[in-house]
Amino acid sequence: MSVEAVVWDIGRVLVQFDLAGIYAQAIPDPVERARFVSEVVTEDWHAQHDEGVSFAEMVAARTVQFPQHADLIALYASNWLASLPGPVPGTHTLIERLAAKSVPQYAITNFGIDSWGLFRPTFPILDHMRDIVISAVERLVKPDPAIFHLAARRFGRAPETMLFIDDNAANIATAQSLGWKVHHFVGDPDALEARLVALGLL
């Protein structure tokens, strides 16, 4: 079956993501800032937000663990958008070109409810998505196969008719095992463009 639709991941495919950006002003020393986001406000800790835990719950629990860093931990919620410094170069142009050809586009993203509420209004390129499956809303996170099954049902399309684009190898592996066409995005929009052309989408 031919590929008829494109399904995007968002973080590190459409928007840059760097937790350390939250602390660019509060912790000016880059070495100290890197240490803080490797030991206190870490990506592993942040993952529970994608699973559905709220900012308020996370900040309260982490403050109990690291009371000496209470003010910095609070910034995780209040300065969240600083972790998303801007678009990933090259991918937005591809979305616009696909939209111009009326190619159906969707997204599956690991994102928290609070962070999504802050982020979505700042990112109008997502208006081109016909539907977006958000992990925290569904209480399912990639690479769980269940979120891909849910997405296929929601989008009303067979997996083999969709190209799934993600930067995470585990997510790509799960999607591929379920019959999706996949593209592992490693920061190279030219390679992605070539894939879209090869599939007849551009």
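Mentor: Let us begin with a term: a residue is called buried when its relative accessible area is under 20%, exposed when that area is over 50%, and partly exposed in between. Please also bear in mind that this model is predicted.

Trainee: What percentage of the 202 residues of the chain count as buried?

Mentor: The cut-off to apply is a relative accessible area under 20%. Among the 202 residues of the chain, the share that counts as buried is 47%.

Trainee: Is Ala173 buried, partly exposed or exposed?

Mentor: Ala173 belongs to helix 9, which covers residues 169–177. Its relative accessible area is 43%.

Trainee: How many helices and how many strands are in the chain?

Mentor: Helix 9, at residues 169–177, is one of the helices. In total, the chain holds 10 helices and 5 strands.

Trainee: Why is the chain said to be as compact as a globular protein of that length?

Mentor: For 202 residues, the globule rule gives 17 Å. The chain is judged as compact as a globular protein of that length because its radius of gyration is close to this value, at 18 Å.

Trainee: How far apart are the centres of the positive and negative side chains?

Mentor: The chain has 15 positive and 24 negative side chains.

Note on methods:
Residues numbered from 1 in each chain as written. Predicted model: local features only at pLDDT ≥ 70, side-chain atom pairs only at ≥ 80, totals over all residues. Heavy atoms only, no water. Helix = DSSP H or I, 4+ residues; strand = E, 2+ residues; numbered from the N terminus. Rg over C-alpha atoms; globule rule 2.2 N^0.38 Å. Buried < 20%, exposed > 50% of the residue type's maximum accessible area, 1.4 Å probe, protein only. Lys, Arg positive; Asp, Glu negative; His and termini not counted. Charge placed at Lys NZ, Arg CZ, Asp CG, Glu CD.
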